[in-house]
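Hi everyone, thanks for coming. Please have a look at the model on the screen, and then I'll walk you through a few of its side chains.

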Amino acid sequence: MAETLATQILAILFCLSAAAAASGAKVYSFNSQNSTSLSSLNANNGICKSVVEPQGYACQEHTVTTKDGYILSLQRMPSGLSGQAADKPPVLLQHGLIVDGVTWLMSLPDESLAFILADNGYDVWISNGRGTRFSRGHTSLDPYDSAYWDWTWDELAAYDLPATFQYVHDQTGQNLHYVGHSQGTLIALAAFSQGKLLNMLRSAVLLCPIAYLNHLTSPFARALVDLFIAEDLYWLGQPEFSLNGQVVNKLLEVICSNPGIDCSDLLTAITGPNCCLNSSRTKVFLDYEPQSTATKNIIHLAHMIRTGTIAMYDYGNENDNMDHYGQPTPPVYNMTSIPNDLPLFLAYGGKDYLSDVKDVQVLLDNLKDHDGDKLVVQYTDEYAHADFVLGVNANQIVYDPVIAFFKIN
């Protein structure tokens with residue numbers, strides 16, 4: 001069955017890639033104006049004008065340029081609904097994979113972390129990673145150039161996160177709290193393990209922490225990994241990975257026809273049986289998302305799933321690794337190197353297909369020497385991956401404890 005499915009996938013890849021090459025057309029649709037209730041969300045309007053200001057909140061658009069030339073979009077909410085200026089430290093919110101900063105604003109204001117933090121007096125900053133809808137700029141490259149997509153989460157940890165941290169720190173003159181979800185936790189853990197960002201950091205909240213992935217149970221993600229789909233896309237000249245793209249859409253049809261993979265509810269197939277989502281908001285979320293990432297980034301994550309390690313990108317042979325790293329194997333991010341006195345809040349769920357309980361436990365084992373008064377661990381048995389950012393009760397279950405954590409740090 002696996003061989004038959006793989007053959008189908010390769011045939012689709014070859015046919016679509018050949019057709020695109022023959023016509024000169026771009027394979028991917030960038031989908032800059034989805035026909036959804038968030039249709040006003042495009043590069044011209046921006047997140048502030050489209051999402052934040054209509055709710056009555058002040059919002060500022062900012063940009064920051066990374067050392068490798070990517071121009072990232074940041075939104076600042078300097079006050080709550082009352083209009084009173086923030087009197088608490090800045091908080092930087094970092095989204096996960098194939099989404100963007102709108103994740104933190106998608107639910108109603110009393111259910112969305114960005115609005116809740118602003119109403120509690122925090123100076124809220126929302127980051128949008130490279131390649132997403134509002135962060136497609138570059139000083140010399142165009143998103144249609146394959147070189148634009150030559151990165152993985154290594155670069156997010158090495159360039160994007162330091163650039164946004166430094167910008168928020170410079171703008172506010174204060175050290176900041178950090179909240180990451182999913183991939184947003186991975187890049188933070190990688191940076192912290194290398195001693196980066198710590199001089200600008202008050203505390204870090206890691207929702208659905210990702211460091212180890214080999215126990216991942218998502219049948220959809222497992223199919224992508226086991227069939228080496230990202231690798232095939234990459235070598236066939238598809239550097240941008242978009243679930244809205246023509247090639248990936250055709251692959252989804254084949255994958256979802258495979259027994260054991262139920263894509264009638266794609267969010268569940270990917271993230272797990274979320275307990276507490278509002279169906280109408282979930283539809284808006286699925287219509288607006290997903291955002292693009294680099295195919296190379298998906299390959300990197302696949303390496304982690306297969307090996308059970310958290311390491312830099314593996315170029316596939318000793319010579320190439322030597323060229324990039326000066327050693328035959330990729331350097332490992334050592335989680336035990338994270339300072340024991342760094343205030344950390346880790347929250348994870350029992351139904352999460354991506355941040356699996358067993359993998360989180362491996363991370364916690366690596367943090368076993370962390371100062372007891374500096375590590376808060378919260379487990380919610382009924383929560384899956386999306387509940388932490390879209391759950392209707394996340395304000396009580398997750399965000400209230402997060403704010404209490406901020407107050408003592």
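Let's begin with Lys296, whose charged end sits over the ring of Tyr313, 5.0 Å from its centre. For a charge to count as sitting over a ring, NZ of Lys or CZ of Arg has to be within 6 Å of the ring centre and within 35 degrees of the ring normal. Arg130 gives us another case: it lies over the face of Tyr70, at 3.8 Å from the ring centre.

A quick word on where this comes from: the model is predicted, so local features need pLDDT of at least 70 and side-chain atom pairs count only at pLDDT 80 or more, while totals for chains, interfaces and linings use all residues. Residues are numbered from 1 along each chain as its sequence is written, and side-chain values use heavy atoms, with hydrogens and water left out.

Back to Tyr313. How do the rings of Tyr313 and Tyr315 pair? Their centres are 4.8 Å apart and their planes are at 80 degrees, so this is an edge-to-face pair. The rule takes rings of Phe, Tyr and Trp (its six-membered ring) with centres within 6.5 Å; planes under 30 degrees apart are stacked, over 60 edge-to-face, and the rest tilted. Is Tyr313 buried or exposed? Tyr313 is buried, at 7% relative accessibility, whereas Tyr315, at 24%, is partly exposed. Buried here means under 20% relative accessible area, exposed means over 50%, and partly exposed is in between (1.4 Å probe, protein chains only).

By the ring rule there are 15 aromatic pairs.

Now for the inside. In soluble globular proteins, nonpolar side chains tend to be buried together. In this chain of 409 residues, 56% are buried. The largest nonpolar core has 77 residues, and among those with the most contacts inside it are Trp153, Phe165 and Tyr178. Helix 4, residues 153-172, gives the largest share of this core, eight residues. A core, by the way, is a set of buried Ala, Val, Leu, Ile, Met, Phe, Trp, Tyr and Cys residues joined through side-chain atoms within 4.5 Å. A second, separate core has 47 residues, including Leu267 and Tyr383.

What does Phe165 touch? Leaving aside residues up to four places away in sequence, its partners include Leu92, Tyr178 and Met200. Contact means heavy atoms within 4.5 Å.

As for the overall fold, the chain has 15 helices and 11 strands. These are DSSP runs, helices being H or I with at least four residues and strands E with at least two, numbered from the N terminus.

Last stop, the cysteines. How many disulfides does a search of the whole structure find? It finds two, a disulfide being a pair of cysteine sulfur atoms within 2.5 Å. In one, Cys48 and Cys59 have their sulfur atoms 1.9 Å apart. The torsion about their S-S bond is about -60 degrees, so this disulfide is left-handed. Cys48 and Cys59 are both buried. A disulfide also joins Cys275 to Cys276, S to S 2.2 Å, and with a torsion of about -90 degrees that one is left-handed too. Cys275 is partly exposed at 35%, while Cys276 is buried at 12%.
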